[in-house]
Amino acid sequence: MRMNYRNAVRVFCRLFFLPGLAIVLILMGVLLFLADSPLHAATAVPRILVLNSYNPGYDWSEEEMEGVRDGFSKSFPRAELNIEYLDTKKLHTKKHFSQFADLLEVKYADRPLDVIVAMDNAALEFTAQYRQRIFPGTPLVSCGINGYLPSMTAGLSRVTGVTEYHDSASTLGLALRLHPAVRNVVVIHDYTDTGLA
């Protein structure tokens, strides 16, 4: 099944009423991939895998997932939405990636996907390393990528996404202009890709 352009424009217009520009852009990327190629399944139900870098219960992940679920339920109400968590807040060394890839290979061996959504840096890193082995040819849409460099997706095909750029120097400069008496600044972070960046 192909999505015709009239339906694509209608979905596009509805997307702009969703909260958050990132969710709109993610869904537009998914829409472009789904409109460009026939669905794997005989039915019109798109199969979507969301790879979340973190874990359920983590506020950031929960808010992202709420936006993704809401967006997909409005644009693709019958979509089969599969969600897998990489848990890199707790396992930041990523030593578990090869075993996780083995698990996904078994879980999705007979369930071809129409698109993969990689949320945050660890998920993009994982898909860059294992997508061809587990999900060959499946389009990839990334979101929330910090410090994006072209090398992160070099050699990959059928990839699009949204990046985040943090302007820490300007933010700190503004804070110091607003509070000129400040002499010490403490930065609290974790050992995830985002924290280290």
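**From a surface leucine to the sheet**

L172 is found in helix α6, which covers residues 168-178. In this predicted model, the relative accessible area of L172 is 37%. L172 counts as partly exposed, because that class lies between under 20% for buried and over 50% for exposed. On the surface, L172 belongs to a nonpolar patch together with L176, V182, V185 and V187. The accessible area of these residues together is about 400 Å².

The sheet comes next. Strands of a sheet pair through backbone hydrogen bonds, in either a parallel or an antiparallel arrangement. Here, five strands make up an open sheet with parallel pairing, and their order is β2-β1-β3-β4-β5. The edges are held by β2 (80-85) and β5 (159-164). Each of these edge strands has a single partner strand, so one side of each is left without a neighbour in the sheet. From one strand to the next, the twist averages 15°.

Two helices can then be placed against the strands. Helix α4, formed by residues 97-107, packs on the sheet and touches β1 (47-52) and β2. The direction of α4 makes about 160° with that of β2. Helix α5, residues 121-134, also packs on the sheet, where it touches β1, β3 (115-119), β4 and β5. Between the direction of α5 and that of β4 the angle is about 140°.

Conventions
Residues numbered from 1 in each chain as written. Predicted model: local features only at pLDDT ≥ 70, side-chain atom pairs only at ≥ 80, totals over all residues. Heavy atoms only, no water. Pairing = 2+ DSSP bridges. Helix = DSSP H or I, 4+ residues; strand = E, 2+ residues; numbered from the N terminus. Axes fitted to C-alpha atoms, helices over the stretch in contact; angles between N-to-C directions. Contact = heavy atoms within 4.5 Å. Patch = residues over 30% accessible without salt bridge, like charges linked within 9 Å, V, L, I, M, F, W, Y side chains within 5 Å. Areas by Shrake-Rupley, 256 points an atom, 1.4 Å probe, with all protein chains shown as cover. Salt bridge = Lys/Arg side-chain N within 4 Å of Asp/Glu carboxyl O. Buried < 20%, exposed > 50% of the residue type's maximum accessible area, 1.4 Å probe, protein only.
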